[in-house]
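Let's take a friendly walk through this structure, one stop at a time. Keep the picture open beside the text as you read.

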Amino acid sequence: MTQTHRPVEGNSAEGNIVIAHHVHQKAWKWYDYFTFNVDHKVIGIQYLVLAFVFYLVGGAMAVAIRSELATPNTDLLDPALYNAFMTNHGTIMIFLWIVPAAIGGFGNFLIPLMIGARDLAFPKLNALAFWLNPPAGLLLIASFYFGGAQSGWTAYPPLSLITATTAQSMWVLAIVLVGTSSILGSLNFIVTIVNMRVPSQRWDQLPLFCWAILATSVLALLSTPVLAAGLVLLLFDLNFGTSFFKPDAGGNVVIYQHLFWFYSHPAVYLMILPIFGIMSEVIPVHARKPIFGYKAIAYSSLAICIVGLFVWAHHMFTSGTPPWMRMFFTISTLMVAVPTGVKIFSWVATLWGGKIRLTSAMLFAIGLLMMFVFGGISGVTLGTAPVDLHVHDTYYVVGHFHYVLFGGSVFGIYAGIYHWYPKITGRMLNEKLGVLHFVLTFIGTNLTFAPMHILGLQGMPRRVAMYDPQFAYLNELCTIGAYVLAVSVIPFYINAIWSWTKGKPAGDNPWNALTLEWTTASPPAIENWEVLPVVTHGPYDYGMHADDHAEDHPIAAEPVAE
């Protein structure tokens with residue numbers, strides 16, 4: 001590793017000069033992870049563990065939904081409970097699984113380590129942001145006692161105003177809590193990345209994951225308050241007799257759709273941009289090649305952040321949107337494909353000619369490439385008004401966004417877990433179980449979501465518990481795929497729990513990576529380093545220096561004894 005260590009001085013967020021040489025403190029105890037801890041690594045693990053718990057909850061709801069849809073008639077769930085499962089499945093998977101895991105989990109654990117800082121700029125604010133998530137999850141689960149919110153994760157009025165008022169109010173409060181958490185966390189990341197990098201780290205030496213989190217945080221700060229405003233108005237309509245969105249009292253439901261999608265389409269980028277950052281870290285390390293197009297990837301994240309704010313109305317082509325607006329939002333939607341394509345081509349170019357190690361992390365990264373390209377192509381078709389008008393609210397849309405969000409985000413989260421698990425725990429995950437996990441996930445994903453595109457083109461509507469028998473065969477395939485996906489998590493959870501204490505010791509840098517987080521112990525001690533590191537080269541300079549361990553090493557070839 002060419003990053004060297006020496007006592008240096010760094011700037012705190014408040015602008016004070018702090019001496020970098022610290023006494024190496026002990027690690028946290030297990031019970032510290034259940035407290036209001038302010039260490040960024042503890043909070044990152046808290047985010048990840050809570051997200052994986054809610055992944056099981058949301059996944060169980062998905063299995064129930066697919067079981068119901070295995071036959072055309074309602075055999076398992078009554079329509080009201082089906083709607084409640086569908087609403088909370090989507091809500092939990094977006095707001096309590098992907099976003100907390102990708103941004104809160106990886107962002108908290110990695111950002112200070114990648115920039116040579118001892119913590120985030122505002123540690124107490126960071127802890128507060130995390131502890132807003134558990135009550136949000138409890139509100140969603142408790143809402144089932146009152147019938148469960150039944151209007152879908154979009155909560156469109158007037159449907160959300162006439163079904164399960166108490167449960168819908170609990171749903172709104174839950175989203176406001178996680179939205180507040182997102183705003184606090186984003187503010188913290190921006191201040192930290194801008195102000196707390198070690199003095200020797202230039203902007204063009206910043207790991208691409210940090211660029212991705214920076215762009216994500218800016219996007220969240222700009223868009224989340226708009227959603228919060230819309231939901232607060234909806235809450236007033238539900239409980240205080242106002243009529244912002246009540247059409248029979250002069251309200252306008254389309255305004256709610258504008259407020260909702262101004263956040264909720266960029267929310268796709270909030271979920272996928274951190275995953276793009278993970279991909280940009282995993283691929284060069286496991287391909288043993290410098291990343292192709294560093295600046296193009298970094299700037300494309302910022303471009304997605306900006307253009308992503310001007311595409312929301314493509315969800316509303318059927319809501320009375322005038323033709324000129326359809327054309328504008330069609331063009332702006334297609335423009336997002338440009339910076340996204342830049343990333344895809346850069347990753348493929350990085351893989352080209354590399355010494356690829358087919359580790360579990362790399363398998364999930366390559367799997368993500370395939371899923372996201374497929375989902376991206378179907379997204380381009382949906383972004384054009386003529387096609388969207390034809391397949392709007394059909395299963396084509398369901399298949400598309402699951403390829404993007406499950407095939408994209410979930411595969412990326414798994415790639416990140418397999419890549420950084422040794423740093424987080426000091427132990428290696430079992431690779432055989434990892435490969436089994438990948439194979440089951442890859443098969444299950446395609447079997448579940450690919451037939452949905454055909455169902456949509458044939459005209460099967462989404463959000464229904466009963467359907468025409470002509471769609472039965474493809475729905476059976478989707479349900480079998482969902483069961484395979486459900487089984488796929490078993491080897492992963494066994495692997496993650498068992499390896500935490502019994503896995504092979506990883507050493508400080510089992511992948512011979514070059515970014516700063518690998519220059520400290522695994523797991524990192526409190527305050528990360530005894531002496532802050534000094535950056536002497538880029539984070540992806542594999543093969544460009546004689547002393548950077550760029551040669552192709554086997555995985556954990558020289559494990560460090562405890």
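Ala-164 sits in the loop that links helix 5 to helix 6, the latter covering residues 165–195. Bear in mind as you look that this is a predicted model. Most residues other than glycine have a negative phi. Ala-164, although not a glycine, has a positive phi of about 45°. Is this residue buried or exposed, or something in between? With a relative accessible area of 24%, Ala-164 counts as partly exposed.

Glu-527 gives us a second case. Here too phi is positive, at about 70°, in a residue that is not a glycine. Look for Glu-527 in the loop between helix 16 and strand 4. Its relative accessible area is 23%, so Glu-527 is partly exposed.

That loop between helix 16 and strand 4 (533–534) also holds Pro-523. Most peptide bonds are trans. The bond from Ser-522 to Pro-523, however, is cis, with omega near -5°. Another cis peptide bond joins Pro-157 to Pro-158, where omega is about 10°. To find Pro-158, go to the loop between helix 4 (133–142) and helix 5 (159–162).

Helix 9 (residues 266–287) and helix 10 (residues 294–307) have axes 11 Å apart and pack at an angle of about 175°. Angles over 145 degrees count as roughly antiparallel, and therefore helix 9 and helix 10 are roughly antiparallel to each other. Which residues meet there? Helix 9 brings Tyr-269, Leu-273, Phe-276 and Ser-280, while helix 10 brings Ile-297, Ser-301 and Ile-304. By class, this contact has five nonpolar, two polar and no charged residues.

The contact of helix 14 with helix 15 is made up of 16 nonpolar, ten polar and no charged residues.

Helix 15 (residues 431–458) also packs against helix 16 (residues 472–502), at an angle of about 155° and with the axes 8 Å apart. That angle makes helix 15 roughly antiparallel to helix 16. The crossing of this pair is left-handed. In their contact there are 19 nonpolar, eleven polar and no charged residues.

Since its relative accessible area is 7%, Leu-429 counts as buried. What is Leu-429 in contact with, leaving aside its neighbours within four places in sequence? The answer is Ile-417, Tyr-418, Tyr-421, Asn-495, Ala-496 and Ser-499.

Our last stop is the cysteines. How many disulfides does a search of the whole structure find? The search finds zero. For Cys-210, which is in no disulfide, the nearest cysteine sulfur is that of Cys-305, 16 Å away. A disulfide would need the two sulfur atoms within 2.5 Å. Cys-305 is likewise in no disulfide, and its nearest cysteine sulfur is that of Cys-210. Cys-210 is buried because its relative accessibility is 0%, and Cys-305, at 5%, counts as buried too.

Methods: Residues numbered from 1 in each chain as written. Predicted model: local features only at pLDDT ≥ 70, side-chain atom pairs only at ≥ 80, totals over all residues. Heavy atoms only, no water. Axes fitted to C-alpha atoms, helices over the stretch in contact; angles between N-to-C directions. Helix = DSSP H or I, 4+ residues; strand = E, 2+ residues; numbered from the N terminus. Parallel < 35°, antiparallel > 145°, perpendicular 65-115°, else oblique. Left-handed = near helix turned anticlockwise from the far one by under 90°. Nonpolar A, V, L, I, M, F, W, Y, C, P; charged D, E, K, R; others polar. Buried < 20%, exposed > 50% of the residue type's maximum accessible area, 1.4 Å probe, protein only. Contact = heavy atoms within 4.5 Å.
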